[in-house]
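Me: I would like to go through this model with you. Could we begin with the overall layout and then turn to the details?

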Amino acid sequence: MTEDVYEAIMEVARRRGILFPAFRIYGGARGFYDYGPLGAVLRRKIVDRWRWYYVHREGFMEVDSPTLGISAVYEASGHVDHFMDPMTQCKECGEFYRADHLIEEELGIDCEGKSLEELNELIEKHDIRCPECGGELTEVTEFNLMFSTNIGPKEGRTGYLRPETAQGIFIQFKDLYRLARQRLPFGVVQIGRAYRNEISPRQGVIRLREFTQMEAEVFFDPEEKEVPHFDRYADEELYFYPIEEQLKEDGEMYRMTVREAVEEGLVEQPIAYFLGLTKRFLTDLGIPDEAIRSRQHLPEERAHYARDCWDVEVKLERFGWVEVVGIADRTDYDLRKHSKHSGEDLRAFKELDEPKVVYRPKPKMNELGPRFKSDAPKVAEALREIEAEDPSELEGGLEVEVNGEKIEVPPECYEVVEEKVSGIRFYPHVIEPSYGLDRILYCVLEHNFDPEKGAFKFPAWLAPIEVCVFPLLKRDDMIDVARKIADELSEAGFIVEYDDSGSIGRRYARADEIGVPYCVTVDHDTLDDDTVTIRDRDTTEQVRVHLDDLEDALRRLLLGEANLEDVGEPFSPSQGS
RNA sequence: GCGGCCGCAGUCUAGUCUGGUAGGACGCGGGCCUUCCGAGCCCGUUGCCCGGGUUCAAAUCCCGGCGGCCGCACCA
């Protein structure tokens with residue numbers, strides 16, 4: 001076999017309706033894929049599992065905001081100015097390249113964080129040319145990854161397809177904070193499409209121009225930045241690959257528990273918690289423990305908004321360690337930015353243990369106005385910032401600074417008022433676990449793929465088809481019974497497929513290929529005693545169960561509550577009738 | 001798209017005519033009291049849609065925009 005696992009998987013995936021390259025009849029377009037019938041189910045099940053962790057268990061609120069945003073949002077978030085990749089183009093054939101990736105491929109060096117000048121120098125110095133045609137390359141320029149469009153007819157207003165779902169949450173902070181009953185910490189999740197106009201997507205479903213994110217934004221009081229139920233995943237063991245190991249010549253990842261990592265100061269508690277959760281989630285999907293590591297971002301690769309960031313990476317045959325989840329400490333960056341740009345106060349409020357009393361000069365505008373004319377509002381503003389613990393400090397006039405000049409404010413211009421300060425306002429800090437669904441789905445495919453059989457072996461609950469029902473022979477009496485069973489199982493909630501084409505062996509193989517965990521077969525005995533066989537995908541062993549027990553047996557099998565031998569009498573075809 | 005009405009806390013609303021930077025109710029948070037499904041009391045918290053103009057000063061007056069509702073038109 002010359003083809004690698006990636007190609008084998010994509011071949012089965014395309015043939016059996018998991019993934020299709022998009023727009024195929026028109027020649028396709030890089031960076032876009034369709035989910036076929038089975039892929040769509042698989043995707044849904046992964047999303048549902050994620051929801052179970054984040055919405056059900058963590059109790060986070062799920063929202064769903066527009067994928068197209070007005071420009072103000074992305075001006076405030078910094079994406080208009082910062083969400084750029086370095087780009088170069090071949091002068092001969094016109095092909096575009098990501099300059100840093102191209103240099104990395106050609107020279108085998110790390111270009112993360114290099115400036116445009118540095119990239120240009122490298123290209124010139126090493127005479128890097130177009131890998132396609134050998135042509136000369138243009139000067140490296142910045143290219144914004146957001147898709148822009150117009151909102152409304154004609155020129156309209158500039159809009160951007162969202163490059164991440166997160167902003168939709170930040171800009172609704174006020175309402176969400178209220179709905180969280182104004183208590184921190186709280187979390188909000190969003191699952192949806194995001195768009196990035198990648199310069200040259202090349203790795204199949206790993207780098208898409210339209211992809212699905214599952215993101216959580218968890219808001220913390222910066223002074224109490226801890227997950228309350230930390231113990232839930234604290235004893236989870238995982239592989240850590242922190243900055244210092246990455247910088248060593250022979251640096252290695254090492255294994256420890258989430259709790260130990262926090263105690264050793266390797267990673268802060270909330271990020272560690274979500275790393276633990278993520279590992280559990282990924283192993284649920286059939287990705288083995290040793291193919292999952294938590295890698296800390298190097299300072300130069302962190303996004304413009306992140307203080308610390310850890311990726312959860314999954315090891316793939318062809319692509320090596322691939323980031324499937326990023327858990328970033330976005331601090332108060334986003335809320336601050338949106339507060340500033342929108343003028344809305346996106347702070348949280350915290351009551352002090354002891355309210356304190358202060359005294360303030362309350363400006364009398366009808367005195368200030370005539371006296372200071374156009375400076376009156378500034379004087380008033382300056383007065384409002386004065387605060388004293390003792391009212392006598394405010395008696396007999398005050399001095400304020402306006403436009404760099406000191407101004408005497410006579411006492412008749414203000415009134416000393418007592419004010420109770422009962423709390424403080426602050427911007428919450430955000431920890432953001434962000435999952436790339438499409439990449440995760442590919443990892444699930446690869447790690448559940450048996451290259452020998454060319455077949456998937458998904459965890460039973462995850463299989464896009466849960467049960468196949470076959471008549472042993474294409475005989476009307478068996479067909480009728482099998483169809484009826486399939487129908488009843490379907491009504492009971494199972495994802496069922498009925499199949500009577502070809503030989504029974506062929507049908508088992510077909511079911512195996514797409515990872516159907518259990519096949520139910522109607523045979524001669526069924527017609528006599530209402531029993532059927534259940535066949536296990538991985539062992540190909542069979543048991544006989546009575547039709548009355550079938551639903552229950554399958555349910556327990558799919559949930560992993562029982563093994564095959566627990567649900568029926570052993571059966572082997574040679575002993576059967 | 002056209003016409004009308006309207007934009008004050010999360011919600012409902014006073015104030016707008018007669019410019020001087022906002023008051024209430026419910027809600028929400030904390031406490032007390034109670035104790036099983038929106039009881040009471042105390043404390044706290046939250047706001048004039050945006051931009052421009054007039055003015056020393058705009059929730060208030062003028063212009064523009066945006067948004068909502070209703071009607072008509074158009075359309076999946």
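Predicted model: local features only at pLDDT ≥ 70, side-chain atom pairs only at ≥ 80, totals over all residues.

Me: Which domains does the assignment give for chain A?

Reply: Domain 1 is made of 5–71, 150–333 and 430–439. Domain 2 covers 84–144, domain 3 covers 352–424 and domain 4 covers 465–571.

Me: What separates the centres of domain 2 and domain 3?

Reply: Taken over C-alpha atoms, the centres of domain 2 and domain 3 are 59 Å apart.

Me: On to the surface. Which residues gather in the patch of negative charge?

Reply: The patch consists of Asp-487, Glu-491, Asp-528, Asp-529, Asp-530, Asp-548, Asp-549, Glu-551, Asp-552 and Glu-561.

Me: Which helices each supply at least two residues of it?

Reply: Those are H17 (476–491), H19 (524–529) and H20 (547–558). Helix H20 gives the largest share, with four residues.

Me: Where is Asp-552, and how is its accessibility classed?

Reply: Asp-552 sits in helix H20. Its relative accessible area is 43%, so Asp-552 is classed as partly exposed.

Me: And which residues make the nonpolar surface patch?

Reply: Phe-23, Ile-25 and Tyr-26 make that patch, which has an area of about 460 Å². Tyr-26 belongs to the loop between E1 and strand E2 (33–35). With a relative accessible area of 72%, Tyr-26 is exposed.

Me: Changing topic: how many salt bridges are there?

Reply: The count comes to 49 salt bridges. One of the pairs is Glu-513 with Arg-16, at 2.9 Å from N to O. This pair links distant parts of the chain, 497 residues apart: Glu-513 is in helix H18 (residues 504–513), and Arg-16 is in the loop between helix H1 (5–15) and strand E1 (19–21).

Me: Is Glu-513 buried or exposed?

Reply: Glu-513 is buried, because its relative accessible area of 15% falls under the 20% cut-off.

Me: Which residue forms a salt bridge with Lys-45?

Reply: Glu-466 does, and the closest N and O atoms are 2.5 Å apart. Glu-466 is buried at 11% relative accessible area, and Lys-45 counts as buried at 8%.

Me: What about Lys-350 and Glu-223?

Reply: Their side chains meet in a salt bridge of 3.2 Å, N to O. Lys-350 is in strand E17 (residues 348–363) and Glu-223 is in the loop between strand E11 (210–220) and helix H9 (231–234), 127 residues apart. Glu-223 counts as exposed, at 66% relative accessibility.

Me: Which residues are linked in a network of salt bridges?

Reply: That network links Glu-236, Glu-237, Arg-255, Lys-279, Arg-280 and Asp-289.

Me: Last topic, the backbone. Which peptide bond is cis?

Reply: The bond from Leu-184 to Pro-185 is cis, with omega near -10°. Pro-185 is placed in the loop between helix H8 (173–179) and strand E10 (186–195).

Key
Residues numbered from 1 in each chain as written. Chains lettered and ligands numbered in written order. Heavy atoms only, no water. Domains from an automatic or database assignment. Patch = residues over 30% accessible without salt bridge, like charges linked within 9 Å, V, L, I, M, F, W, Y side chains within 5 Å. Areas by Shrake-Rupley, 256 points an atom, 1.4 Å probe, with all protein chains shown as cover. Salt bridge = Lys/Arg side-chain N within 4 Å of Asp/Glu carboxyl O. Lys, Arg positive; Asp, Glu negative; His and termini not counted. Charge placed at Lys NZ, Arg CZ, Asp CG, Glu CD. Buried < 20%, exposed > 50% of the residue type's maximum accessible area, 1.4 Å probe, protein only.
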